[in-house]
Amino acid sequence: MKIVIGIDVGISTTKIVGIRDGKVIKPLRIKATDPVTSLYGAFGKYLYDNKIALDDVEHVMITGVGAAYIDKPVYGLPTSRAEEFIADGLGAQYESRLNDMIVVSMGTGTSLVRCKGKDIHHIGGIGIGGGTLSGLARLLLKTDDVKQITSLALQGHISHINLLIRDISAKPLPGLPMDATASLFANAQANAPREDIAIGLIYMVLQAVGSAAILSANGSDIRDFVLIGNLTLLPQCKYVFPMMEKVYDVHFIIPKYSEFCTAIGAALSYKKE
């Protein structure tokens, strides 16, 4: 069978996957200085690495904020646009094997997409995400290199930055364990080391995203939240979200190809059509 290519075009990063016979073929991410260069660079490298000929490609589906800069068929192949929020939902459903959920797309900001079977629609979002982490890190740590921020954070102590329940109460409060966060950054000192600041910033962004997701499900029976996007690669996700699961009795899921879900969904939207 021929391959459908799904491409999630960001401003400087493009993610690309191929879908053949319902299976994902080796996702790829590439950075460039602009969306067009990023897309064509990713597409060429993807075909080369996977030994795919142009004749093997049935259709190209593009999505993402950078897709607006692409105004012609990619390499002359049939090319269509996929609605980004639909792509988020389809990709998350495919990767999680769930039908009903809220998809939490953790990019520069955060968008929330509700999925109830075939009903997939955007329900809102918050302006907190990877862009927030990078901007605050530039101000406070003098770097926006995610690898450096993460490395610093792994050496930090969150109790030196956040005020925890155990800091204000001798006993657990109803529904709140002693290590739950009472106030973000409330324990921060003027001379806090960079390592503590780094972990404080990451926890702040992840907890804000998780809280927004949980609140977005109020009044519904949805308890599953599928996390997608680049922020899911932060190692601190393994600590922050399980802690929130215990407090709120919900389930956060980070699929295998979490950062590629939108590209996967773009390809699947062609199959759906």
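Two residues are in contact when heavy atoms of theirs lie within 4.5 Å. With that in hand, let us walk through this structure, a predicted model in which local features need pLDDT of at least 70, side-chain atom pairs count only at pLDDT 80 or more, and totals for chains, interfaces and linings use all residues. Residues are numbered from 1 along each chain as its sequence is written, and side-chain values use heavy atoms, with hydrogens and water left out.

Let us begin with S111, which lies in strand β7 (residues 110-116). Helices (H or I, at least four residues) and strands (E, at least two) are DSSP runs, numbered from the N terminus. Leaving aside neighbours within four places in sequence, S111 is in contact with F85, D88, V103, V104, S105, H122, G124 and G125. S111 counts as buried because its relative accessibility is 14%; buried means under 20% relative accessible area, exposed over 50%, and partly exposed in between (1.4 Å probe, protein chains only).

Another serine to visit is S96, found in helix α2 (residues 84-96). S96 has a relative accessible area of 14%, so this residue is buried too. Its side chain makes polar contacts (pairs of N or O atoms within 3.5 Å; within protein, one must be able to donate a hydrogen and the other to accept it, and residues adjacent in sequence count only if both atoms are side-chain atoms). The side chain of S96 reaches the backbone oxygen of A92 at 2.7 Å and the backbone nitrogen of L98 at 3.2 Å. Beyond neighbours within four places in sequence, S96 is in contact with M101 and V226.

Now turn to strand β1 (residues 3-9), where 7 of the 7 residues are buried. In a regular strand the side chains alternate between the two faces of the sheet. Here I3, I5, I7 and V9 point one way, while V4, G6 and D8 point the other. Strands pair if DSSP finds at least two bridges between them. β1 runs parallel to strand β4 (residues 57-63), joined by 6 bridges, and I3 has V57 as its bridge partner there. β1 is also joined by 6 bridges to strand β2 (residues 13-20), this time antiparallel, with V9 partnered by T14. β1 and β2 form a hairpin with 3 residues between them.

V36 is found in helix α1 (residues 35-49), and its 35% relative accessibility is why V36 counts as partly exposed. Together with I11, V65 and Y69, V36 forms a nonpolar patch on the surface.

Terms used. Patches are made of residues with over 30% relative accessible area and no salt bridge: like charges are joined within 9 Å, nonpolar side chains (Val, Leu, Ile, Met, Phe, Trp, Tyr) within 5 Å. Accessible areas come from the Shrake-Rupley method with a 1.4 Å probe; for residues, only the protein chains shown count as cover. A salt bridge is a side-chain nitrogen of Lys or Arg within 4 Å of a carboxyl oxygen of Asp or Glu.
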